[in-house]
Amino acid sequence: MTIQARFPATSRLLHWLMAPMIVAMLFIGVGMAASVSARYELLVSIHRPLGVSILVLCVIRIVNRFINPPPDLPDTVPSMQRFAARASHIVLYALMFIMPVVGWGMLSAARYPIVLYGPLRLPPIFPHNLTLYAWLRDLHTDLAYLFFATFLVHFGAALYHGLVLRDGAFGSMTSFQPGSIGVASAAPASMQDAPPAALRADPAADPRLLS
C-alpha cells in the first residue's frame, strides 16, 4: 500500500486554523443579512476583525505555499479532477484575499469606521463615494455566494476522497493517514500465520509442532 505524502506541518496548521474562521465568517455573513438592531451590530463587530485576520493569514498561507509546495494528488485521480482541484484552490485563495479587501474598500467608500478592537482602526483605502460603496457592497455579496458554493464543493470533494475513495488525499492534510490503522490485518496470510521470531528460533517451542 502506497502512503500518500502529507502537506508540510506549517501548511496543515494554517489550513486548520483558517477553516473554522472561514466557516464562521460565512455564517456570520448570513446572520448579518437576516438580522437587525443590536444583533446586527454584534455580528458586524465580529465580522470585521475576523475578515482582517483571514486576509493576513491568507497572505501568510500564499507565501508558505511557495516555500512549501503541496504534494501531488494520488496517481489514481483522473486528469479532469486534478484540473478541478487546482481551479478550486485558486478560486478559494483568490476569494480569501479579495473578499476582505472588497469589504475594507466598501466601508472606506461609505466612510464607516473600520474598528478592529477598541481604538484600533484600519485606514480607508478608497475615497468617500456612495456609488462606489453600493457597487462594492453588491460585489461583496456576490463573492460571498461564490465563496459559499466553492467551499461546499471543496468540502464535498474532501469527504469523497476521505470516505469513499480512501486514496490518501484527505489524509495528506490531516495529522493522520486514513487507512494506516489496520494495515497489519491486510498483510498476506503467509505473514499473518508466521510464528514469532522466538518460536522460529526454537522450533520445539512451537505448539503447532507438538500436536
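Guide: Let's begin with one side chain. Phenylalanine 27 is exposed, at a relative accessible area of 52%; exposed means over 50%, buried means under 20%, and partly exposed is what lies in between (1.4 Å probe, protein chains only). Keep in mind that this is a predicted model, where local features need pLDDT of at least 70 and side-chain atom pairs count only at pLDDT 80 or more, while totals for chains, interfaces and linings use all residues. Residues are numbered from 1 along each chain as its sequence is written, and side-chain values use heavy atoms, with hydrogens and water left out.

Visitor: Is phenylalanine 148 buried, partly exposed or exposed?

Guide: Phenylalanine 148 is partly exposed, with 23% relative accessible area.

Visitor: How many aromatic pairs turn up in a search of the whole structure?

Guide: Rings of Phe, Tyr and Trp (its six-membered ring) pair if their centres lie within 6.5 Å; planes under 30 degrees apart are stacked, over 60 edge-to-face, and the rest tilted. Here the search finds three such pairs. One of them joins phenylalanine 27 and phenylalanine 148 edge-to-face, 5.7 Å centre to centre with 75 degrees between the planes. Phenylalanine 27 sits in helix α1 and phenylalanine 148 in helix α4, so this pair ties together parts 121 residues apart in sequence. Tyrosine 112 and tyrosine 133 form another edge-to-face pair, with 6.0 Å between centres and 80 degrees between planes. That pair ties together parts 21 residues apart in sequence, because tyrosine 112 is in the loop between α3 and β1 while tyrosine 133 is in helix α4. Tyrosine 112 is partly exposed at 43%, whereas tyrosine 133 is buried at 16%.

Visitor: You're using element names now. How many helices and strands does the chain have?

Guide: Helices (H or I, at least four residues) and strands (E, at least two) are DSSP runs, numbered from the N terminus. The chain has seven helices and two strands, in the order α-α-α-β-β-α-α-α-α. Of its 211 residues, 31% are buried.

Visitor: How do I check a helix, say α1, against its expected span?

Guide: Take 1.5 Å times one less than the number of residues. α1 has 25 residues and reaches 37 Å from first to last C-alpha, close to the expected 36 Å. As for facing, an α-helix has 3.6 residues a turn, so residues three or four places apart point the same way. The buried residues of α1 include Leu14, His15, Met18, Met21, Ile22 and Met25.

Visitor: What happens just after α3?

Guide: Arginine 111 takes a positive phi of about 60 degrees there, although it is not a glycine. Arginine 111 lies in the loop between α3 and β1 and is partly exposed, at 44%.

Visitor: In which sense do β1 and β2 pair?

Guide: Two strands pair if DSSP finds at least two bridges between them. β1 (residues 114-117) and β2 (residues 120-122) pair in the antiparallel sense over three bridges, with tyrosine 117 opposite leucine 120.

Visitor: What lines the largest pocket?

Guide: On a 1 Å grid over the protein atoms alone, a pocket is an open set of points where a 1.4 Å probe fits, with protein on both sides within 12 Å along at least five of seven lines; lining residues have an atom within 4 Å of a point. Grid points join across faces, edges and corners, and volume is the space filled by probe spheres set on them. The largest pocket holds about 1200 Å³ and has 43 lining residues, with Phe7, His15, Ser88, His89 and His154 nearest its centre. α3 gives the most to that lining, 11 residues.

Visitor: And the second largest pocket, how many residues line it?

Guide: It is lined by 34 residues, with Gly29, Met32, His47, Met106 and His140 nearest the centre, and its space is about 1000 Å³.
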